[in-house]
Structures are given as structure tokens and as C-alpha cells.
Amino acid sequence: MPLIDVSGLERTFVVRRRAGFMRRTRSEVRAVHDLTFSVETGEMVGYIGPNGAGKSTTIKMLTGILVPTAGSLRVAGLDPSRQRTELAQRIGVVFGQRTTLWWDLPLRDSFELLRKIYRIPDARYRENLDRFVELLDLGDQLDTPVRQLSLGQRMRGDITAALLHDPEILYLDEPTIGLDVVSKGRLREFLRALNAERSTTLLLTTHDLQDIEALCDRVIVIDHGTSVYDGSLAGLHAQGGSSRTLVVDLVDEGPPIDVPGARVKKVEGPRQWLSFPTEASAAPVVAAVAASYDVADLSIQEPDIEDVIRDLYSRGA
Amino acid sequence: MAETSTTSVTARLWHPVARYGDMVRLWVRAELSYPASFAMLVVGSMLINALDFAGIAIMFSSIDSLGGFGLREIALLYGATGVGIGIADTLIGSVERIGEFIRTGRLDQMLTKPVPLLVQVCSDRFTLRRLGRITQASVVMAWALPIVDWTPSRVLVALLMVVSSSALFFGLFVLFSCVQFWTSDASEFANAFTYGGNTLTQYPLTVFPRELAIALTVVLPIAFVNWYPCLYLLGRPDPFGFPEWLQFCSPLAAALVVAAALLVWRTGVRRYTSTGS
């Protein structure tokens with residue numbers, strides 16, 4: 001049986017709006033609709049979609065915070081909303097924009113509190129703490145109150161906090177939001193190692209597609225509350241029918257370039273953008289352009305996954 | 001089979017209490033790591049509260065009794081309700097801030113932890129700053145104790161009174177904080193009943209109309225915090241002519257209020273997890 005098993009999941013919210021003095025209208029909003037997917041132990045899955053697509057609602061249902069309106073849902077063999085506290089022992093959750101740590105306490109005390117909450121055996125606790133503190137380079141921050149930590153330090157603290165009790169599943173909601181490039185890189189490195197060593201299953205929601213490229217073999221794209229793509233990252237590129245772009249800087253301004261196998265997308269003075277299919281080789285296009293035009297410079301842009309997803313969204317809508 | 005189920009019931013009751021104790025200890029340790037500021041806080045609140053009772057005492061320089069009760073008798077009432085609310089206010093931790101937790105998403109964090117929500121909220125930011133209040137009320141009460149004609153049953157009623165009044169105020173704090181599950185910015189609402197109730201019960205109920213005494217017995221049962229047990233301790237017949245057995249009902253009233261509070265709390269949490277707001 002899969003570790004996470006979601007089938008026909010539904011969640012509607014009742015929204016009350018003010019409609020004039022003392023009058024309110026009541027309407028139903030479907031946040032998640034007929035969502036089905038499953039995740040096996042040890043997978044690293046990117047869960048992506050535009051704002052309001054239903055990502056957070058899904059995570060809330062998976063963690064038992066929110067009761068589904070309909071559909072079936074099993075995580076580690078448990079019913080999340082009914083067996084929430086039991087499930088809590090087996091999962092770790094990181095909400096990127098909010099901390100689970102206590103503002104006024106030193107990081108070390110927050111960890112101590114979590115040790116009590118999860119009843120982590122002493123030896124295990126010390127082993128995990130030492131390891132995560134070393135890997136995430138938190139040694140110097142352990143005695144600093146959380147409110148004085150930088151965003152990156154706090155995030156590393158939050159990730160440590162979510163992992164001290166050896167969860168089987170780690171949910172990460174926007175874990176790299178607001179982090180600098182170096183911190184992002186380190187964090188991704190750490191998560192990859194965690195998955196490799198402990199087979200921790202990762203479900204990651206993010207707006208940063210580099211997170212996905214660095215970490216996830218599998219992507220689930222959700223839009224309007226339902227899954228519009230579920231498969232490999234490479235497959236997502238193909239599905240989007242995306243194209244590569246050849247950027248040509250001509251010596252002088254000229255008419256749109258006309259070569260076989262490519263078409264001009266945009267012209268801006270001497271610079272022109274030519275698109276050609278992802279699966280085609282760039283060499284003949286480049287050769288053809290160079291043979292017929294006075295080229296000052298050339299560069300190739302790989303398809304942007306964001307474009308691919310935007311394509312998916314617009315087609316789904 | 002029967003044996004396993006008893007163990008699990010004990011474990012189910014014991015586990016939350018043990019976690020509460022664990023977490024509270026850490027908060028106290030953190031608080032005491034700044035001993036000077038902690039001492040100042042406690043002493044400061046003791047002084048402010050001392051003035052509070054001084055006000056009542058000064059009133060007695062121009063009157064001999066209030067509602068038929070002397071100063072020391074009132075000190076007994078005052079002390080009992082003060083100790084009760086002080087202990088309850090300590091035990092509830094951050095319950096009054098539940099609305100803020102909902103708004104900031106802290107509640108979601110707590111719901112992903114393997115400890116009952118109430119235990120987490122009550123231990124969150126646990127502080128001993130009410131120690132000043134408890135100490136002051138205890139001193140006032142101790143000063144009144146010699147006027148009681150002590151018998152074993154009065155000792156028992158006095159002990160039960162302290163436990164019951166703490167539990168009753170605890171229940172009221174939780175009960176009325178639950179309103180925030182429905183309207184998340186009503187944190188002051190609970191205070192009207194808890195601190196309001198505390199202020200009312202600092203005086204003998206005989207200064208109030210009979211209807212209020214009935215309401216404080218049947219509707220919002222804070223008369224059980226101190227009034228009824230104190231009547232028994234002082235050997236006074238009930239001035240309103242209410243039945244005497246009420247004087248032994250404080251533990252029952254406390255149990256009912258706590259049960260109601262836990263029920264409403266559960267309903268509130270369920271509402272939160274089913275509406276997401």
C-alpha cells in the first residue's frame with residue numbers, strides 16, 4: 001500500500017460575504033476537487049500550482065488539520081483527521097512562512113520542548129540534534145533566541161525541529177522562500193542527503209522551480225483544486241510542448257530571420273528571439289543563421305519550466 | 001482484556017498530564033534564567049495586589065460590617081477567590097490567546113504535534129508571574145484562618161474549596177476563551193466572566209440582590225468558588241435561606257464547569273478543523 005494514498009479528495013469552504021447592511025450571502029468555494037494521487041515511501045515529490053490552487057488545503061488535509069469534505073485519504077495507513085495525534089508522531093511539517101519554534105526561547109530550548117512533545121529517547125535525540133546541527137551549521141545559533149535569528153537560520157532551525165523525531169514523511173511548504181542562493185543550495189543538499197540515507201519521503205510545495213529541479217523526480221501540478229499533471233519533470237517539459245530559444249544579436253537591425261526549423265518570436269532592434277522544438281538539435285539552426293546573416297552573438301535559452309506550467313494552467317482553465 | 005483497557009485509560013489520562021508537566025518545567029526554567037527580572041515581576045505584582053486588599057481594609061475604618069460580614073470574614077472570601085483565580089490563571093498558559101493562534105497559523109502548527117491541543121496551549125508560555133497574586137491572596141486568607149472554628153470536616157471543606165475554586169476558574173477561562181473559535185478577536189470576552197467573577201466574589205453576596213446570588217449559583221456558578229464553602233467554614237446559616245447542602249457542592253460545580261469547558265473546547269477544535277477558519 002502506498003505511503004500516501006489520496007483518492008477523489010474534495011474540500012469545499014463556505015464563504016460568507018457581506019452584501020449590504022446586516023445582510024450576508026453564502027457561497028461555496030471548491031478548494032480541492034476530485035484529487036487523486038499516491039506517493040510511495042522514499043519518493044521526493046514536488047507539489048506545485050499557482051496561488052489558490054489548493055496546495056495548502058491539500059497539505060492541511062494530509063496532516064489532519066482539516067477534515068476532507070469527501071473522498072478517501074490514507075497517510076501511513078492512518079486516517080489523518082481521525083488519527084491526527086497518532087499520525088503527528090510519524091510526520092514532520094515545515095510551513096516556510098511561519099515558525100514552529102518559540103520566539104522568546106533559545107533554539108536549544110525549542111528543541112528540548114519538541115523532545116518532550118514527541119517523547120524522543122535521549123540517545124536518539126542527541127544523535128539527531130548533533131547531526132542536524134552539524135549538517136545545517138547551526139552550532140553557533142543554539143543559544144540565540146529565535147527572534148534574533150536570520151530567516152535562513154530560522155528555516156534551518158525549523159527543519160531540524162521537524163526532523164528530530166525521525167518522521168517518515170516530511171512536508172515542506174515553501175521551504176526556500178526568502179533564502180539567499182547559498183542557503184537554498186545548502187538546504188537542497190541536506191534534503192537530498194536525508195532522503196538518500198533515511199528514505200524520508202518528501203512532499204514539497206514551492207514557487208521556486210529550482211527546488212523542484214534539484215530535488216524532485218516527480219512533479220504533481222495542481223490547478224483549480226485538481227491534478228493537471230503527475231509525472232517526471234522531463235515529461236512535464238514534453239507535455240508542455242515547450243521550445244528552446246535561440247537569441248541572435250545581429251550586427252545591424254534587419255528583417256525577421258528566416259531559416260528552416262525555427263521561427264521568430266520577437267524582434268528588438270538588432271536582437272531577435274527564435275524558437276525551435278526542444279527535441280531538435282540547435283546545431284543546424286545555428287549553422288543556418290550564421291550562414292545567411294551577420295551575427296554578432298548567439299545564445300541558447302533552455303525552456304523555462306515556469307512557461308511550461310503556465311501553458312498547462314492556461315490549457316486546464 | 002479488562003486489564004489492558006484500564007492501563008490504556010490510565011495512560012490516556014496520564015500522558016497529557018505528564019507532557020504538560022514536562023513542557024511547563026522547561027518554561028519555568030527559561031523564566032528563571034533571568035532571576036532578577038522574575039523577582040521584580042513577582043514582588044511588583046504582590047505590592048499592587050496588596051494595595052487592592054488595603055482598599056477594602058480602609059473601608060472598614062468607617063464601617064463595622066459589609067453585608068453582615070466583618071473584615072476578617074471578608075478576608076477569607078477574598079483570599080479564597082484570589083488564590084483560585086491566581087492558580088487558574090497560571091495553569092491556563094496561553095488559552096486566552098487562542099484567537100491569535102488561529103490568525104497567525106500557530107494553531108495549525110500545534111495540530112501537527114502529538115500532544116492534545118489543550119495541553120499544548122495551556123503549557124505554552126507558562127509563567128509564574130501570577131505567583132505575586134497567589135502569595136498576596138494566600139497571606140490575606142492566612143490572616144483570616146484563625147477566625148474559623150476548625151474541625152476535621154472544615155479542614156476538608158477548606159482544602160476542597162481551594163482546589164475547586166482553581167478548577168472552576170480554570171474551566172471558565174477555557175470555556176469563555178472558546179468563543180474565539182467562532183470570533184477570533186474576542187480575547188477580552190473571557191475576562192468579563194473570570195476577572196469579573198473574581199471581583200464579585202471578593203465581597204459577601206449579601207451586598208448584592210437575591211437574584212444575582214441565584215444567578216451566581218445556577219447560571220454562572222462562581223458562588224461556589226468561595227461563598228458557599230466559606231459559609232460552612234464560618235458556621236453561618238445561609239443569609240438567603242438557600243439549602244445548606246450547597247455548601248458542600250463546590251467540587252461538583254467545579255467538575256461540571258470543567259466538563260462543560262472541555263466539551264466546548266472539543267467542539268471548537270472540531271469546528272476549526274472542519275471549517276478551516
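In which sense do strand S11 (residues 263–268) of chain A and strand S12 (residues 271–277) of chain A pair, and over how many bridges? They pair in the antiparallel sense, over five bridges.

The model is predicted: local features need pLDDT of at least 70, side-chain atom pairs count only at pLDDT 80 or more, and totals for chains, interfaces and linings use all residues. Residues are numbered from 1 along each chain as its sequence is written, while chains are lettered from A and ligands numbered from 1 in the order in which they are written.

**View 1. The hairpin of S11(A) and S12(A).** Strands pair if DSSP finds at least two bridges between them. Arg263(A) has Ser275(A), in S12(A), as its bridge partner. Two residues lie between the strands. Gly269(A) takes a positive phi near 60° in this hairpin. Helices (H or I, at least four residues) and strands (E, at least two) are DSSP runs, numbered from the N terminus.

**View 2. Helix H1 (residues 55–63) of chain A.** Eight of its nine residues are buried, so H1(A) is largely enclosed by the rest of the structure. Buried means that 20 or more other C-beta atoms, placed from the backbone, lie within 10 Å of the residue's own. Among the buried residues are Lys55(A), Lys60(A), Ile59(A), Met61(A) and Leu62(A). Gly64(A) follows H1(A) and has a positive phi, near 90°.

**View 3. The two domains of chain A.** Domain 1 covers 4–238 and domain 2 covers 240–316. These bounds come from an automatic or database domain assignment. The domain centres, taken over C-alpha atoms, are 38 Å apart.

**View 4. The side of chain B that touches chain A.** Here 18 residues of chain B are in contact with 22 residues of chain A. Contact means C-beta atoms, placed from the backbone, within 7 Å. Helices H1 (2–32), H5 (106–111) and H13 (250–275) of chain B each supply at least two residues of this side. H1(B) gives the largest share, five residues.

**View 5. The fold of chain B.** Chain B has 13 helices and zero strands. Its radius of gyration, taken over C-alpha atoms, is 20 Å, close to the 19 Å that the globule rule (2.2 Å times the number of residues to the power 0.38) gives for 277 residues, so chain B is as compact as a globular protein of that length. The C-alpha trace of chain B spans about 60 × 50 × 40 Å along its principal axes. Buried residues make up 42% of the 277 residues in chain B.

Conventions. Two residues are in contact if their C-beta atoms, placed from the backbone, lie within 7 Å. A residue is buried if 20 or more other C-beta atoms lie within 10 Å of its own, exposed if 12 or fewer, and partly exposed in between; C-beta atoms are placed from the backbone.
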